[in-house]
Amino acid sequence: MAATEEQQFPLPKILTYPASAPPSLIAQGAEGRLYKTTHLESGLPCALKYRPSKPYRHPILDARLTKARIAAEAKVLDRCYREGVRVPAVYALDAAAGWVMIEWVDGKPVRQGINDWLGERPEDGTPAASEDETPLVDLMKRIGEAVGNLHRTGVIHGDLTTSNMMLKPWASRPSNAGDKAKAVEGDIVLIDFGLATQSSSDEDRAVDLYVLERAFASTHPRAERLFCHVLDSYKPSYKKAPSVIIKLEDVRMRGRKKSMLG
């Protein structure tokens, strides 16, 4: 499999050196590739995000853009990590070569956890009379808290979706929950900061929330009615949340007008 991947996509130089375990391609996007590899020792897995050169851009411009974007992403991650936001730690960086090596987050995407919980629920999202939604509501609250902590640091994610959040298993909290409840257990870890910026604007924070709200509606329409719990938990996590929520209403109105006008 590794040989096939290497034929399809030339490995970044850092991954061509001998290692205890061969790197594996995890994801391929428009801007970059994500590899799973190890850092310093075989027992420490990590993720390496690599931005390959773009042949359609002028080489000098391409090198500058790649260096700036990788450096900016690493800087944002480092700032969040130092402020106590749950994000992957930065292990190593070579912005000129177009890569950043970060902590590997065990677990699964929040998107998968929510979908596992919803299962065969009807299209309108109505729960069964005997169903306890507490675990799912608790997950929504943890999402709101995570976003509030992020905004507290002055960072705007830029692409908040449930695919860019991981459920990291609790290490010190034993679980006696059933299989369904276990699907939504874990700490929220925010990932993929390729579009992140630093801003003190309530408007930018409101847009961040709106992106999450719309992504939630399209990805988990059967649980859309529970998004209010995300906002309820966001408010106590960030002291300037009231003004952001007001801005969110304005952003929603603009979104509705745009939809009506096509």
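Which residues of α2 are buried? The structure examined is a predicted model, in which local features need pLDDT of at least 70, side-chain atom pairs count only at pLDDT 80 or more, and totals for chains, interfaces and linings use all residues. Residues are numbered from 1 along each chain as its sequence is written, and side-chain values use heavy atoms, with hydrogens and water left out.

In α2, the buried residues are Asp 62, Thr 66, Ile 70, Glu 73, Ala 74, Val 76, Leu 77 and Cys 80. Buried means under 20% relative accessible area, exposed over 50%, and partly exposed in between (1.4 Å probe, protein chains only). An α-helix has 3.6 residues a turn, so residues three or four places apart point the same way. Helix α2 spans residues 59-82 and has 24 residues. Helices (H or I, at least four residues) and strands (E, at least two) are DSSP runs, numbered from the N terminus. From its first C-alpha to its last, α2 reaches 35 Å, close to the expected 34 Å. The expected span is 1.5 Å times one less than the number of residues. Just after α2, Gly 84 takes a positive phi of about 90°.

The buried residues of α2 pack against β3 (45-50), β4 (90-94), β5 (99-103), β7 (155-156) and β10 (197-198), and also against α4 (134-152). Contact means heavy atoms within 4.5 Å.

Helix α4 also lies across β8 and β9. Its direction is at about 40° to β9. Axes are lines fitted to C-alpha atoms, for helices over the stretch in contact, and angles run from 0 to 180 degrees between N-to-C directions.

Strands β8 and β9 belong to an open sheet of three strands, ordered β6-β8-β9 with antiparallel pairing. The edge strands, β6 and β9, each pair on one side only. Two strands pair if DSSP finds at least two bridges between them. Two bridges join β6 (residues 108-109) to β8 (residues 165-168). Here Lys 108 has Leu 167 as its bridge partner. Four bridges link β8 to β9 (residues 187-190). Lys 168 stands opposite Asp 187 in β9.

Cys 46 is buried, at 0% relative accessible area. Cys 80 is likewise buried, at 0%. The disulfide count is zero, a disulfide being a pair of cysteine sulfur atoms within 2.5 Å.
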